[in-house]
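Dear colleague,

I am passing on the structure we spoke about, and below it you will find notes on what came out of going through it. Please read them alongside the coordinates.

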Amino acid sequence: MTQPAESKSESLYEFDDAGALLQTNLPLPRKSGKVRDLYDLGDDLLVVSTDRISAFDFILPCGIPEKGRVLTQMSAFWFNHLGVRHHLKSTSVPSDLSASFDTGPLEGRIMVVEKAEVVPFECVARGYLEGSGWREYQETGAVCGNKLPAGLRQCDRLPEPIFTPATKAEEGHDENVSIGRMIADLGSDLALRLRAETLKIYSAAADHARSRGILIADTKFEFGLVDGEVVLIDEVLTPDSSRFWDESVYAPGAAQPSFDKQFVREWLSQCGWDKQSDPPKLPDDIIRQTAAKYREAFERLA
């Protein structure tokens, strides 16, 4: 018996009650991360940005409608704007896939990228003192081996951007490490090249963002190797991988309002969830506010 077309389409894509795309089940070899589903196309990869959202190392049971499309469009903007070697080949759904099954839900949320040997470190650039960097500075006066001046406040701008790599964890938190650890694992040539590339890209992006009234407090990049050449991969300079602050209300000395999962984290921290068991569904107003912040960041930057 032939399966109805509508049923086939439903089996390919899973949505929540708000219309957020939570899961894709395309008839291709797949790996899934917290937000993206990766499909093997042979020579290339198909990267699908879903509307899933994670917090405190949990994937939440609801999504943020259109979040995946915003992340894809923002990454595409930066890949084209930065002028560096990157893995993005196309944001159009391959025609052979469209001829095989319903690809409508994929429109605007996919990247076709070339395969690369992934470097097993997050390459983090920080221009301001916040997050794990702020916590480490309070304890040691340094961040990942970068000695900083005494007396800095939370969210202060640093004298110059610093490189603070982290190991990539399959589950849980990444671990901040020093450049020495990268050199030991990768060799000095590649480690120092990645540091230089990270700081160069961050500085260029921060200049552009500041011209649009946004401060990039910090961001993480991923790199890969293609035929021995360093290539910028994964997503880039999105609210999922960066802290974006509104320059007009920036006031160091406390946490800053940001264009990311701030509403989600705050609500989860105040709702009574123990951060150990399955997370609760977000209220509709938190979902709407978070979606609006993602859209605003994209519209102002791109």
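**Helix 2 and its end**

Helix 2, which covers residues 67-82, is made up of 16 residues and spans 22 Å from its first C-alpha to its last, close to the 22 Å expected at 1.5 Å a residue. Most of this helix is covered, since 13 of its 16 residues are buried.

**Confidence**

Please keep in mind that this is a predicted model. The mean pLDDT of the protein is 94, with 95% of its residues reaching 70 or more. The exception I would point out to you is residues 1-7, over which pLDDT stays under 50 and for which the model has one contact beyond four places in sequence.

**Helix 4 and what it packs against**

In helix 4, which runs over residues 131-140, the buried residues are G131, G133, W134 and Y137. Viewed down the axis of helix 4, these buried residues fall within an arc of 145°, and they therefore line one face of the helix. As a general point, an α-helix has 3.6 residues a turn, so residues three or four places apart point the same way. The partners against which the buried residues of helix 4 pack are strand 11 (121-128), strand 12 (142-143) and strand 19 (242-246). Helix 4 is followed by G141, whose phi is positive and lies near 75°.

**D246 in strand 19**

Strand 19, one of the strands packed against by the buried residues of helix 4, contains D246. Is D246 buried or exposed? With a relative accessible area of 18%, D246 counts as buried, because the cut-off for that label is under 20%. The side chain of D246 is joined to that of R300 by a polar contact of 3.3 Å. Leaving aside residues up to four places away in sequence, D246 touches G213, P257 and F259 as well as R300.

**The hairpin of strands 1 and 2**

Strand 1 (residues 13-15) and strand 2 (residues 21-24) run antiparallel and are joined by three bridges. Within this pairing, Y13 stands opposite T24 in strand 2. The hairpin formed by strand 1 and strand 2 has five residues between the strands, and G19 takes a positive phi near 90° there.

With best regards

Definitions and conventions: Residues are numbered from 1 along each chain as its sequence is written. This is a predicted model: local features need pLDDT of at least 70, side-chain atom pairs count only at pLDDT 80 or more; totals for chains, interfaces and linings use all residues. Side-chain values use heavy atoms; hydrogens and water are left out. Buried means under 20% relative accessible area, exposed over 50%, partly exposed in between (1.4 Å probe, protein chains only). Helices (H or I, at least four residues) and strands (E, at least two) are DSSP runs, numbered from the N terminus. The arc is that of the directions from the helix axis to the C-beta atoms. Contact means heavy atoms within 4.5 Å. A polar contact is a pair of N or O atoms within 3.5 Å; within protein, one must be able to donate a hydrogen and the other to accept it, and residues adjacent in sequence count only if both atoms are side-chain atoms. Two strands pair if DSSP finds at least two bridges between them. The expected span of a helix is 1.5 Å times one less than its number of residues. pLDDT is the predictor's confidence in each residue, from 0 to 100.
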